[in-house]
Amino acid sequence: MSFINYSSREINCKIVYYGPGLCGKTTNLQYIYSKTNPELKGKMISLATETERTLFFDFLPLALGQIRGFKTRFHLYTVPGQVFYDASRKLILKGVDGVVFVADSQVERMEANLESVENLKLNLAEQGMEIASTPYVVQYNKRDLPNAADLDEMKRLLNPAGVADFEACATVGKGVFETLKAVARSVLHDLKHMSG
Amino acid sequence: MHDTQLVMYDEDYRKILAVIQRLVRDANAKGIFVVDRNGQLIGEAGEMRGVDTTSLASLTAGCIAATGGLAKLVGEDDFPVHFHQGQRDNLHITLVSNRIILVVIFDDRSSLGLVRLRVKKAGAELAKIFEEILKKTERGNPQGGGSPFAEITDDDIDNLFSL
């Protein structure tokens, strides 16, 4: 949940990148880290296994400048995507302000995408949240691969509510900042709504 | 609202700072950090300059979250006190009011017993302060300044993305 500090005039928000194993959540953060001005970012932390699979989370603090005299900071987290790390995913979702669902566009990963969306809904519900009322965007990653599924079919299956969604190729950065911008915008609008 | 948003004003910050600055002296600690359970740094005191406090806050929250998960597995509500012993420095982590994490870093100028004793008192004081902060958050801004978000526009948001 966001933290508004009038003393240091800072707003801190938490965004979580969710999705099935190997869909590109960590790659999104790595690209953001590599392309962000050093003054605007903190150290990126990856708690990963020896084979570089996310074990607990990746973390990237990002400052996006000032809004109405308040420094706006976003803390980006990824969850471990592999099915058996569900307990860790629940912990990381706690206090979330916005969620990015990263889908793997490969046809053979469609079932894993669907399973992960269902898992996200369940885990949000456990803390009294639901996707419909949470700042939420969808990213269709790996669009460059030859076995990418039909985009309309992916939208129909993974984004029936029609939230903001983006095609991406996170390894080269396509769609990465568009996705981040959309979720940050949604989080800030949500805060505005809550303050009203 | 699914969780309580934390809104801290200058007067709250000064109260927190006073408690942890005193704790640094009373416990002979090297550094003290107060972290929100969601991983946001709230305040720090002591001589640990140059530490990456953002990472420290995030990892502390992760540590508390992971051991909290373990606690539930074995039928406990939480493990509210953690102690990590290093070769030079040690870490004493306490969960206060189920919401705030108090991190004390100390070396051989102090002892675990002393830190435990002093943290107990400071933790109770911090619990009171945060109870007030949460009450204030629920009541709205007492200073009448309004939320910084009340007048936000799409342009304000777009201007953030001049990366």
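Asp104(A) stands opposite Asn141(A) in β7(A). That is my starting point today. The model is predicted: local features need pLDDT of at least 70, side-chain atom pairs count only at pLDDT 80 or more, and totals for chains, interfaces and linings use all residues. Residues are numbered from 1 along each chain as its sequence is written, while chains are lettered from A and ligands numbered from 1 in the order in which they are written.

Back to that pair of residues. They belong to β6(A) and β7 (residues 136–141) of chain A, which pair in the parallel sense over six bridges. Pairing here requires that DSSP finds at least two bridges between the two strands. Helices (H or I, at least four residues) and strands (E, at least two) are DSSP runs, numbered from the N terminus.

Is β6(A) mostly covered or open? Covered: seven of the seven residues in this strand, 98–104, are buried. Buried means 20 or more other C-beta atoms within 10 Å of the residue's own; exposed means 12 or fewer, partly exposed is in between, and C-beta atoms are placed from the backbone. Both faces take part. One side has Gly98(A), Val100(A), Val102(A) and Asp104(A). The other has Val99(A), Phe101(A) and Ala103(A).

Now chain A as a whole. It has five helices and eight strands. Their order along the sequence is β-β-α-β-β-β-α-β-α-β-α-β-α. The radius of gyration is 16 Å, close to the 16 Å from the globule rule for 196 residues, so chain A is as compact as a globular protein of that length. That radius is taken over C-alpha atoms, and the rule is 2.2 Å times the number of residues to the power 0.38. The C-alpha trace spans about 50 × 35 × 30 Å along its principal axes. Of the 196 residues, 47% count as buried. Take contacts between residues at least 6 apart in sequence: in chain A, 69% of them join residues at least 24 apart. A contact means C-beta atoms, placed from the backbone, within 7 Å.

Next, chain B. Four helices and six strands here. The pattern reads β-α-β-β-α-β-β-β-α-α. Its C-alpha atoms fill a box of roughly 55 × 35 × 35 Å along the principal axes. Of 163 residues, 37% count as buried.

The sheet in chain B is open, with five strands in the order β3-β2-β6-β5-β4 and antiparallel pairing. β3 (41–46) and β4 (81–85) of chain B are the edges; each has a single partner strand, so one side of each is left without a neighbour in the sheet. Neighbouring strands are turned by 15° against each other on average, direction ignored. Within the sheet, β2 (residues 31–36) and β6 (residues 100–106) of chain B pair in the antiparallel sense over six bridges. Gly31(B) stands opposite Ile105(B) there.

Which strands does helix α2 (residues 53–73) of chain B lie across? β2, β3, β4, β5 (90–96) and β6 of chain B, at about 65° to β2(B). Axes are lines fitted to C-alpha atoms, for helices over the stretch in contact, and angles run from 0 to 180 degrees between N-to-C directions. Helix α3 (residues 112–139) of chain B also packs on the sheet; it touches β2, β4, β5 and β6 of chain B, and makes about 150° with β6(B).

One residue of α2(B) to look at: Ala61(B). It is buried, with 24 other C-beta atoms within 10 Å. Ala61(B) touches Val35(B), Arg37(B), Asn38(B), Gly39(B) and Ile101(B), leaving out residues up to four places away in sequence.

Last, the interface. How many residues does each chain give? Chain A gives 42, chain B 37. On the side of chain A, the elements giving two or more residues are β1 (3–5), β2, β4 (54–67), β5 (70–78), α2 (86–93) and α5 (176–195). Strand pairing crosses between the chains too: β1(A) and β1 (residues 6–8) of chain B pair in the parallel sense over three bridges. Ile4(A) stands opposite Val7(B).

Conventions
Contact = placed C-beta atoms within 7 Å.
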